[in-house]
Amino acid sequence: MENKVVQAIEKYSTLLSGSADLEQIKDAAGNAKFVLLGEASHGTSEFYTVRAELTKKLIIEKGFTFIAVEGDWPACQAVNRYIKGYDTKHNTARDVLSNFNRWPTWMWANEEMIDLIEWMKDHNEKQDTRPKVGFYGIDMYSLWESMEEVIAYLTRIDSPDVEVAKKAFTCFEPFNRDNQEYAVSAGLYSDGCVAEVSKLLATIQRKREQYPCEQETRLNLEVNALVAYNAEHYYRSMVLRDEESWNIRDTHMVDALNEVMKFYGVAAKAIVWEHNTHIGDARATDMVHNGMVNVGQLIRQQNAPEDVFAVGLGTYSGTVIAADEWGVNHDVKIVPNAIKGSWEELMHRAGAYDKILIFNKENETNFQQRIGHRAIGVVYRPEFEQFGNYVPSVMSERYDAFIYIEESRALQPLVLERVVL
């Protein structure tokens, strides 16, 4: 079986030697409204630079209107305001990336993002058409920051609804911004602050037309309220059932994405940057057996097949930025050669060079075996990866295309506290 897969990869893949080779992915995406760009880790340089080059092509040649990333809404709003000229506080992309101060900061506060952000700003300044291309974070970890954003905005416009927001925030204050403390308390001992955040979200959604909308302030208000509501639900469930909390998070990311799509209207086209585990259809993995869904599955279910194009990215070996434990300093870790029989190892056997494989009607039957596919998290112990870092996947069903990097390099964080090789 393995040799047949290797032969099929040799036959249907093409060399990736530079930006021009990404044209084939852009062309294969056709008229899709959603192009989902994955990554096998949050700490690999090439995953960012390749996605950036492909993103530029999609914006220029296909008219894509925004990027949505696996990041916090408030911090990403700082980037969005910068590239659209709304921001008078930051002078450079490097300055604006200082807003990413929640661990793991390196996901977005890195050298590789600077070129793309400055490019997007320059692109917007040169375009006479509206709306300007945007940058949004659709994750939901920014519970406290999003609550503060809601209160600050309602206070600024002198809205009576600020009292509802303050009451919700007061409910969370005893937990001192400690998500785990809130999770244990609400998950095991009480209903937490669910009533307060539910009332806040309902109030803002009911009165949305009453709020000013200049410079996306209404969108910012609505999504921050949505973050607060879903983050509370997420933390309350995470101590009881991992599968449920996972589903809450990925469903939220789709809901936030759809809010931005509505904001951009009929011309909306989204480029989504997230980990492979989020953008690759969960139904093509063992996640489905645990009742788990993800962004890739939900977007496909909500849209016509031709409207969604998902691209996975992976590597055979190299280095990566990650940490030994959640919340501790990151370092540069060696990514060992992919284990024998894994997708990455079969790609390597088909030729030790970077390549692109587009799945289609002609070749998809060659890639319908369930094969281990490497996934590296922000917490990563290479010495143990064979025990839990390979997700059984049907590759031609999980993705529409795959970009393979033979030997990858670690991402370059803007502030690298400690480097260990």
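**Strands, rings and charges**

Author: In β5, I271 is the bridge partner of V35. This is a predicted model, where local features need pLDDT of at least 70, side-chain atom pairs count only at pLDDT 80 or more, and totals for chains, interfaces and linings use all residues. Residues are numbered from 1 along each chain as its sequence is written, and side-chain values use heavy atoms, without hydrogens or water.

Reader: How many bridges join β2 to β5, and do they run parallel or antiparallel?

Author: Strands pair if DSSP finds at least two bridges between them. Strands (E, at least two residues) and helices (H or I, at least four) are DSSP runs, numbered from the N terminus. Here four bridges join β2 to β5 (residues 270–273), and the two run parallel. β2 also pairs with β6 in the parallel sense, again over four bridges. In β6, V308 stands opposite F34.

Reader: Which way do the side chains of β2 point, and are they buried or exposed?

Author: Buried means under 20% relative accessible area, exposed over 50%, partly exposed in between (1.4 Å probe, protein chains only). In β2 (residues 34–37), F34 and L36 point one way. V35 and L37 point the other way, and all are buried.

Reader: Next, rings. How is a pair of aromatic rings described?

Author: By the distance of the centres and the angle of the planes. Rings of Phe, Tyr and Trp (its six-membered ring) pair if their centres lie within 6.5 Å; planes under 30 degrees apart are stacked, over 60 edge-to-face, the rest tilted. The structure holds 20 aromatic pairs. Take F66 and Y264: their centres are 5.2 Å apart and their planes at 25°, so the pair is stacked.

Reader: Which parts of the chain does that pair tie together?

Author: F66 lies in strand β3 (residues 66–69) and Y264 in helix α12, so the pair ties together parts 198 residues apart in sequence. F66 is buried at 1% relative accessible area. Y264 is buried too, at 7%.

Reader: What kind of pair do W103 and W326 form?

Author: Their ring centres are 4.6 Å apart and the planes at 65°, so the pair is edge-to-face. W103 lies in the loop between α5 (93–96) and α6 (111–126), and W326 in the loop between β6 (308–322) and β7 (331–335), so the pair ties together parts 223 residues apart in sequence. W103 is buried at 17% relative accessible area, whereas W326 is exposed at 55%.

Reader: Which residues do ring pairs link into a cluster?

Author: F66, W73, Y136, F263 and Y264.

Reader: Where does a charged end sit over a ring?

Author: The test is NZ of Lys or CZ of Arg within 6 Å of the ring centre and within 35 degrees of the ring normal. The charged end of R51 sits over the ring of Y48, 5.0 Å from its centre. K355 does likewise over Y353, at 4.3 Å.

Reader: How many salt bridges does the structure hold?

Author: A salt bridge puts a side-chain nitrogen of Lys or Arg within 4 Å of a carboxyl oxygen of Asp or Glu. The structure holds 32. One joins E148 and R177, 2.0 Å from N to O. E148 lies in helix α7 (residues 143–156) and R177 in the loop between α8 (162–172) and α9 (179–189), so the pair ties together parts 29 residues apart in sequence. Both ends are partly exposed: E148 at 35% relative accessibility, R177 at 41%.

Reader: Is K333, which meets D324 in a salt bridge, buried or exposed?

Author: K333 is buried, at 9% relative accessible area. D324 is partly exposed, at 31%. Their bridge spans 2.4 Å from N to O.
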